[in-house]
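Thank you all for coming. I would like to walk through one model with you this morning, and I will keep to what can be read from its coordinates.

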Amino acid sequence: MRSRIRGLLRVWATAGVALVVVAGTAAAAPAENPQGDFGPDITAIMNKPAYKHAQWSVLEIDPADGRVVHSSHPDEFLMPGSTIKLVTISGAWHDLGPDHRFTTPVNAVGRLDGSTLTGNLVLVAQGDLTMGGRTKPDGSVDFTPIDHTYADDVPGATLTPEDPLAGLDQIARQVHDSGITTVDGDVVIDARLFTPPPISPQPTPLMINDNVIDLLSTPTTPGQPAQLSWRPQVAPYQVTSAVRTVEAGGTTDIQVSASPDGTAITLSGTIAADAPPALKNSPIQDPNAFGRTALIEALGRAGVTVTAPPTGPNPDGTLPASYTGDPRVAAFVSPPYRDYAKLILNVSHNLGANLALCNMAVNHGSSNCFDGFPVIRDFLTRTANVDPTQFQMADGRGDVPVDRVTPTGLNQLLAYWLRTPDADAFRTSLPILGVSGTGALYCTTDCPAKGKVFAKPGTIIGFDLLNQQLAINAQTYAGYLQADDGHLYTFFVGVNGAAAPNIQGFFDVNDDVDQIAVLLQQEACAERGTDRPRTAPVAA
């Protein structure tokens with residue numbers, strides 16, 4: 001039973017969840033609110049048994065005049081979970097610019113003789129997060145409330161409809177349109193842009209489908225094999241499924257295993273006849289070799305023949321020192337960074353948050369992704385006018401023990417954005433309560449705050465072996481509250497050191513934090529008065 005519970009804990013690495021197994025969290029009981037009574041509803045939530053040894057922190061500020069509406073432990077360090085992505089993405093948004101686009105070129109290295117290239121085609125990876133795999137027809141980036149990258153951990157993870165190989169197909173068509181129909185040589189991925197850092201998930205210069213293979217099992221009739229579909233289908237990857245359909249109401253339990261190189265994937269287990277399709281994924285172990293083969297196959301679909309074997313290691317030893325004189329024959333241009341920021345913040349995209357460190361480092365001429373941290377510090381100090389010592393960071397996603405924030409620091413950062421031309425774009429890039437991203441999972445019906453809370457959640461959860469219960473080390477929420485007249489408040493609500501007997505108890509803690517945000521938003525509406533002009537909530 002213990003192993004099953006610990007396995008279930010892996011589920012909550014989404015919506016800002018950072019999974020760790022820890023010995024415990026030292027925390028004090030809720031302190032008196034120095035800015036006045038929270039009121040009976042919020043106080044009742046904070047005094048639940050789950051928070052007997054926990055510390056609540058709340059900070060709400062009216063940025064129009066700096067007035068503190070509520071304050072409790074505003075300057076103490078807290079485990080943030082994925083609310084730290086507000087810091088990471090703020091730095092990247094400012095440094096790269098919201099209109100920045102990643103251009104991934106393909107150069108012809110060798111001799112062009114008519115329609116034949118004697119030499120190599122080289123794709124020079126540029127740290128593009130999606131390579132067209134989520135780009136909608138209108139050019140924006142698609143996402144679902146529970147992202148496919150959490151499929152191994154979260155029931156209900158779903159796929160977007162876009163083809164994860166779309167960017168490579170576009171590149172291949174451009175190569176053909178350039179006049180090349182034969183490559184008498186090889187295809188090479190140039191991944192020298194940055195060194196993949198030792199953080200998880202690990203960003204790489206070239207990423208196709210977030211460096212995972214998606215595996216979708218759909219039930220059929222009891223006793224029969226489940227239907228399998230998988231993507232992206234690229235040689236030499238092969239998938240075999242032994243998942244069988246069981247009676248309605250039965251157990252859905254699917255395991256995924258893979259060969260050491262990741263190319264032979266096997267599914268086993270059961271899926272209930274009345275269950276929705278179950279999504280899992282398997283990591284791509286060698287993104288460069290995968291990308292090379294995927295591009296060769298895309299070239300074949302576009303009518304371009306490559307004489308080199310399509311599978312095998314990426315021959316990066318053949319890369320030139322520079323591409324001076326080598327014509328560019330194709331390039332994929334990404335959506336603007338504001339769309340990537342919206343993806344990262346809405347689904348708590350951990351890979352994208354870590355990649356942002358690399359993007360910033362590269363923008364300043366470094367191949368060391370950790371050189372993104374000085375960029376963030378400089379932004380906080382010189383641009384946002386926020387004391388950087390209010391944050392501690394060792395990754396971009398909020399997954400390591402070092403990561404800490406103060407409620408004051410996050411409120412100051414949020415207030416900074418309201419003074420910029422990007423104020424609305426940044427605010428609406430956050431999950432919106434009851435409407436978009438992870439925010440769409442709460443406040444869905446008969447909720448007065450629906451569409452009026454723009455905020456990033458964060459969670460850190462582990463298993464307390466001593467007491468055989470869940471240790472909810474952090475459940476946090478930070479962003480903006482919108483009153484009915486459109487006036488905005490910045491806020492942080494969080495608890496460190498809660499405990500719960502089971503998964504349902506964790507859900508209750510998550511809902512408690514969300515409900516406090518709802519109550520604060522309603523209080524803001526009451527404070528602003530009903531005689532003021534009303535602004536409709538944001539709709540999907």
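This is a predicted model: local features need pLDDT of at least 70, side-chain atom pairs count only at pLDDT 80 or more; totals for chains, interfaces and linings use all residues.

Let me start with an open sheet of five strands, which has mixed pairing and runs in the order 14-6-5-4-15. At its edges stand strand 14, residues 305–306, and strand 15, residues 328–333, and because each has a single partner strand, one side of each is left without a neighbour in the sheet. Within the sheet, strand 5, which covers residues 116–124, pairs with strand 6 in the parallel sense over nine bridges, and among the residues involved is Thr116, whose bridge partner in strand 6 is Thr182.

Two helices lie across strands of this sheet. Helix 4, residues 166–177, lies across strand 4, strand 5 and strand 15, and runs at about 155 degrees to strand 15. Helix 5, residues 287–301, lies across strand 5, strand 6 and strand 14, and its angle to strand 6 is about 145 degrees.

Now to the loops. The loop between strand 6 and strand 7 holds Pro201, which is joined to Ser200 by a cis peptide bond with omega at about -5 degrees. Asn209 is found in the loop between strand 6 and strand 7 as well; phi of Asn209 is positive, near 55 degrees, although the residue is not a glycine. Is Asn209 buried or exposed? With a relative accessible area of 9%, Asn209 counts as buried, because that value is under 20%.

A cis peptide bond also joins Arg231 and Pro232, with omega at about -10 degrees, and Pro232 sits in the loop between strand 8 and strand 9. Further along, in the loop between strand 18 and strand 19, we come to Gln468, a residue other than glycine with a positive phi near 55 degrees. Gln468 has a relative accessible area of 42% and is partly exposed.

Finally, helix 11, where we can check a length. Its 26 residues, 503–528, should span 38 Å at 1.5 Å a residue, and the end C-alpha atoms are 38 Å apart, so the two values agree. At the N-terminal end, Asn502 caps helix 11 through a side-chain oxygen that lies 3.2 Å from the backbone nitrogen of Gln504. After helix 11 comes Gly529, with a positive phi near 90 degrees.

Conventions. Residues are numbered from 1 along each chain as its sequence is written. Side-chain values use heavy atoms; hydrogens and water are left out. Helices (H or I, at least four residues) and strands (E, at least two) are DSSP runs, numbered from the N terminus. The expected span of a helix is 1.5 Å times one less than its number of residues. A polar contact is a pair of N or O atoms within 3.5 Å; within protein, one must be able to donate a hydrogen and the other to accept it, and residues adjacent in sequence count only if both atoms are side-chain atoms. Buried means under 20% relative accessible area, exposed over 50%, partly exposed in between (1.4 Å probe, protein chains only). Two strands pair if DSSP finds at least two bridges between them. Contact means heavy atoms within 4.5 Å. Axes are lines fitted to C-alpha atoms, for helices over the stretch in contact, and angles run from 0 to 180 degrees between N-to-C directions.
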